[in-house]
Amino acid sequence: MQRIQSFKLGWQLLNSEAKHISISPSSLRKYSHGPGSFGLLFDIDGVLVRGRTPIPGAKQCFRNLVDRKGRYKVPVVFVTNAGNCMRQTKAEQLSHLLEVEVSAEQVMLSHSPLRMFTQFHNMCVLVSGQGPIKEVAENLGFQNIITIDMLRDACPLLDVVDHNRRPKGYVPKDKSLPQIDAVILFGEPIRWETNIQLIIDVLLTNGKPGNALGPLQYPHIPVLACNMDLLWMAEAKNPRFGHGMFLVCLESAYKKITGYDLQYEALIGKPSVVTYNYAELLVRKQAESLGWTGPVETLYAIGDNPMADIYGANLYNRYLQACQRARTRLQAQGAGKEAATSEEPPAMTSKELGGVSGMYGIEERLPESCRSVLVCTGVYSRDQQELPPDPDCTVTEQRVFHGHRDFRFDPSLTQPSFLVQDVREAVELVFQQEGRPLE
């Protein structure tokens, strides 16, 4: 109950902050709110770019999404599982690559929802990843931060796999560090062996990695992980390992040593529901800035990864349907009527929701649906994977589950609402579905 209350407080804080979001006037225009109000959620890697190279058609696609003054016609949010930079940095990269202005308020990184986890902001946290992770953590609200490099410097005998990094000659005494209360995994680190070793040291010593091992304390201190992508698409012809692969290694090592499963306090980033809740809030604020008076009715999530983008969008759509049923039941109870019952899908787990169970936004003006659009320019490729003729099958890799261990394999959630070749075709299809001219 305390965890749920903390999450609610964080969500209220996010809503409060969002009220003060300033969208660049040059990025948005006040359009009338007509029928078919919708917003667009774009994945980045494999959809808009491959590494630093724009995918053909991406620039033209965004030229069509803005008017002659470069102002967006509909709410657009970039939802990526990348997390090794600041939002402003990613916005500047996208502005350069797509040749349209992208503001930081339009960018959502895998770790962005951590702003809502305020119960951890005053704790001493160990952060793992690459890039300016200390600055990222501070920007998200964390106040007492230890990086892997700081831990290595304080306890030089812990990292010994690379012989060239071992202490030479006299070994100084360990420096004093505060007890670590939680571990935050932002994204794949550069030296996996160092991070796996030191993170497990922290878990086995209950946050005191310089100490000798005592009786195992289980459950261990909280672990929060962002970005569960097993694979992602860069310039190489085949997908590359993502942070999800690092998590598999960390989980395997912990279980091999202790015999117990590594536990997560929260799994954040696509495909968790909390990620789409956050993205929807950004879309809603943009719609208000556009002058739309009603709610955004439909979200279209465009991605290249069936297990992250498509699974996540479909899971969020299931969440939206659950919210609608909850509102219907409350309205029926208020009117003294009995709500109609229908077969419902399995309840979503705490991990699928993003760390908190039972959080249905029955009081929010949520969209009616979230529709998934799969492109063939990234992880999924028509050349390597054909759509199965059996509708009960999916576009995943021959039913090999590439999702995270704590997410159920529901094949129906990996089936896209639409399958198109590229992002240009995806946007054209969306505008056709909504009955609105693109140009």
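Q: Start with F62 and F78: buried or exposed?
A: Both F62 and F78 are buried, where buried means under 20% relative accessible area, exposed means over 50%, and partly exposed lies in between (1.4 Å probe, protein chains only). Note that this is a predicted model: local features need pLDDT of at least 70, side-chain atom pairs count only at pLDDT 80 or more, and totals for chains, interfaces and linings use all residues. Residues are numbered from 1 along each chain as its sequence is written, and side-chain values use heavy atoms, with hydrogens and water left out.

Q: How are the rings of F62 and F78 arranged?
A: The rule first: rings of Phe, Tyr and Trp (its six-membered ring) pair if their centres lie within 6.5 Å; planes under 30 degrees apart are stacked, over 60 edge-to-face, and the rest tilted. The count by this rule is 11 aromatic pairs. For F62 and F78 the centres are 5.6 Å apart and the planes at 20°, so this pair is stacked. F62 sits in helix α2 and F78 in strand β4, 16 residues apart, so the pair links distant parts of the chain. Helices (H or I, at least four residues) and strands (E, at least two) are DSSP runs, numbered from the N terminus.

Q: Which residues form an aromatic cluster?
A: F38, Y300 and F431 form one.

Q: And the nonpolar core, which members touch the most others?
A: In the largest core, of 118 residues, they are F42, L48, F62, L65, F78, L114 and F186. Another core of 5 residues lies apart from it, with I310, C376, Y380 and L419 among them. A nonpolar core here is a set of buried Ala, Val, Leu, Ile, Met, Phe, Trp, Tyr and Cys residues joined through side-chain atoms within 4.5 Å.

Q: Switching topic: how many helices and strands?
A: The protein has 11 helices and 15 strands. Of its 439 residues, 56% count as buried.

Q: What does α3 pack against?
A: The buried residues of α3 pack against β2 (49–50), β3 (53–54), α2 (58–65), β4 (76–79), β5 (107–108) and α8; contact means heavy atoms within 4.5 Å. Those buried residues are R87, K90, A91, L94, S95, L97 and L98.

Q: Why would residues three or four places apart point the same way?
A: An α-helix has 3.6 residues a turn, so residues with that spacing point the same way.

Q: What span does α3 have?
A: Helix α3 (residues 87–98) has 12 residues and reaches 16 Å from its first C-alpha to its last, close to the 16 Å expected, which is 1.5 Å times one less than the number of residues. Just after α3, E99 takes a positive phi of about 60°.

Q: Now K270. Where does K270 lie?
A: K270 is in the loop between β12 (266–268) and α8 (273–289). At 3% relative accessibility, K270 counts as buried.

Q: Which side chain does it make a polar contact with?
A: The K270 side chain contacts that of D309 at 2.6 Å. A polar contact is a pair of N or O atoms within 3.5 Å; within protein, one must be able to donate a hydrogen and the other to accept it, and residues adjacent in sequence count only if both atoms are side-chain atoms.

Q: What about R318?
A: R318 lies in helix α9 (residues 306–334) and is buried, with a relative accessible area of 14%. A 3.1 Å polar contact joins the side chains of R318 and D410.
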